[in-house]
Amino acid sequence: MKLYALILVPTTLALAGHASPPSTTNAPAASDMARFMEKDLNPAFTDVSYQLFHARKPGDEPSPELLAAFERLTAKSAQLARSPLGQGEKGASFRIHAVQLQIAVRGLSEASLSQDEAQIGMWLTHVSSVCNSCHAEYRE
Ligand code: HEC
């Protein structure tokens, strides 16, 4: 196991216990996952990237559009974390990936609010690596 995983996994498990409210409102079922990714999560992430790297110059105050994009990405990540795929013992790994996404999105939004360009770059890389690591396990 990589050092990275050794550090992150306990944190994730600690957060996962608190981060999954019982409600499954709007949570994508397994059969709905492709649509949810294509129509919800992926466009929300694309919008955040666009607002950060094209519609903004380094050092600019966060625009209302950027804040709205983060609000949407945060909401979509929370929906993913409530998916039935991540419930119960069988769902543990999916749930870890989904909670990691919430952590990474929060890191990215905090870095953006403080206009910390180095941290923005670091968290953006982390968000996309979380997307990729879940796909490596769950996407054919
Ligand atoms: C917790 C797991 C998980 C995370 C995290 C995740 N995905 Fe996915 N994603 C999936 C699964 C599962 C599928 C396959 C759905 C299917 O085909 O049934 C998928 C499919 C996709 C697809 C293809 C949809 C299609 O048209 O078939 C895109 C695009 C995508 N994800 C984007 C993203 C992006 C961008 C992120 C990060 C911001 C992300 N995903 C994070 C689980 C995840």
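**The largest nonpolar core**

A: The largest nonpolar core has 25 residues, of which Val48, Leu73, Ala104, Leu108 and Val127 touch the most other members. Such a core is a set of buried Ala, Val, Leu, Ile, Met, Phe, Trp, Tyr and Cys residues joined through C-beta atoms within 7 Å; buried requires 20 or more other C-beta atoms within 10 Å of a residue's own, C-beta atoms being placed from the backbone. Two or more residues of this core come from each of H2, helix H3 (64-81), H4 and H5, helices being DSSP runs of H or I, at least four residues, numbered from the N terminus. H4 provides the largest share, 8 residues.

The model is predicted: local features need pLDDT of at least 70 and side-chain atom pairs count only at pLDDT 80 or more, whereas totals for chains, interfaces and linings use all residues. Residues are numbered from 1 along each chain as its sequence is written.

Apart from neighbours within four places in sequence, Val48 is in contact (C-beta atoms within 7 Å, placed from the backbone) with Ala69, Phe70 and Leu73. After H4 comes Gln115, with a positive phi near 50°.

Around the ligand stand 19 residues, the closest being Ala34, Met37, His97, Cys131 and Cys134. Helix H2 (33-53), helix H4 (92-113) and helix H5 (117-138) each give two or more residues to this shell, and H2 gives the most, 7 residues.

Technical notes: Near = placed C-beta within 6 Å. Buried ≥ 20, exposed ≤ 12 C-beta atoms within 10 Å, placed from the backbone. Contact = placed C-beta atoms within 7 Å.
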